[in-house]
Amino acid sequence: MRIQMRLSKEGRVVLEELKLEYLKNNEVKTSGEIVDEIFEHFQDDISKINWLLVQTKPEYDGILADYTSVNPTTLNLSQQTISTMNDFRDFLNQALNMKRTVYRSFVIRMALKAFKLQKEGVDIYL
């Protein structure tokens, strides 16, 4: 399914850095493929992750931040990822006591950030 949204600056930076990591390993992945993989990776662990820790960790703001625009991002996501994102949205609304409804872009940013933290060796589990 093709969806378009504005990702936060932090979400764009993390996504672009992950794409670069794949390129360094001679793999070409689209943004949608990366997001699909991340949601598949976390779908069974959603309630085991310390989402407050993920949310409050400092923002990622590397050199790519200067080159990453705030233009809408188009992602081709599987129907399974869309369904999992809805589960994440409902869970994060409660787990983080959000005062407003969580949008897909926030869900994607949190998943990207959790994945990046985990790759850096941060223990994101409760």
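Asn97 is exposed, with a relative accessible area of 63%. This residue lies in the loop between H4 and H5, and both of those helices pack against helix H2, as the residues buried in H2 show. The model is predicted.

**Loop residues**

- The phi of Asn97 is positive, near 50 degrees, although Asn97 is a residue other than glycine.
- Most residues other than glycine have a negative phi.
- Asn26 also has a positive phi, of about 60 degrees, and is not a glycine.
- The loop that holds Asn26 is the one between H1 and H2.
- Asn26 counts as exposed because its relative accessibility is 74%, and the cut-off for exposed is over 50%.
- Between the C-alpha atoms of Asn26 and Lys99 there are 43 Å, and the two residues are 73 residues apart along the chain.

**Helix H2**

- Helix H2 covers residues 31-42, which makes 12 residues.
- From its first C-alpha to its last, H2 reaches 17 Å, close to the 16 Å expected at 1.5 Å a residue.
- The buried residues of H2 are Ser31, Gly32, Ile34, Val35, Asp36, Ile38, Phe39 and Phe42.
- These buried residues pack against helix H1 (9-24), strand E2 (73-76), helix H4 (79-95) and helix H5 (104-119).

**H2 against H4**

- The axes of H2 and H4 are 10 Å apart, and the two helices pack at an angle of about 55 degrees.
- H2 and H4 are therefore oblique to each other.
- The crossing in which H2 passes H4 is left-handed.
- On the H2 side the contact involves Val35, Asp36, Phe39 and Phe42, which meet Thr81, Thr84, Met85 and Phe88 in H4.
- By class, the residues of this contact of H2 with H4 are 5 nonpolar, 2 polar and 1 charged.
- Thr84, which has its place in helix H4, counts as buried because its relative accessibility is 4%.
- With neighbours within four places in sequence left aside, Thr84 is in contact with Phe39 and Gln43.

**H2 against H5**

- H2 and H5 cross at roughly 75 degrees, and their axes come within 10 Å.
- H2 and H5 are therefore roughly perpendicular to each other.
- H2 contributes Val35, Ile38, Phe39, His41 and Phe42 to the contact, while H5 contributes Val107, Ile108, Ala111, Leu112, Ala114, Phe115 and Gln118.
- The contact of H2 with H5 has 10 nonpolar residues, 2 polar ones and no charged ones.

**Helix H5**

- H5 has 16 residues, and its reach from first C-alpha to last is 22 Å, close to the 22 Å expected at 1.5 Å a residue.
- Buried in H5 are Phe106, Val107, Ile108, Met110, Ala111, Leu112, Lys113, Ala114, Phe115, Lys116 and Leu117.
- The elements that the buried residues of H5 pack against are strand E1 (2-5), H1, H2, helix H3 (51-56), E2 and H4.
- After H5 comes Gly121, with a positive phi near 90 degrees.

Notes:
Residues numbered from 1 in each chain as written. Predicted model: local features only at pLDDT ≥ 70, side-chain atom pairs only at ≥ 80, totals over all residues. Heavy atoms only, no water. Helix = DSSP H or I, 4+ residues; strand = E, 2+ residues; numbered from the N terminus. Expected span 1.5 Å × (residues − 1). Buried < 20%, exposed > 50% of the residue type's maximum accessible area, 1.4 Å probe, protein only. Contact = heavy atoms within 4.5 Å. Axes fitted to C-alpha atoms, helices over the stretch in contact; angles between N-to-C directions. Parallel < 35°, antiparallel > 145°, perpendicular 65-115°, else oblique. Left-handed = near helix turned anticlockwise from the far one by under 90°. Nonpolar A, V, L, I, M, F, W, Y, C, P; charged D, E, K, R; others polar.
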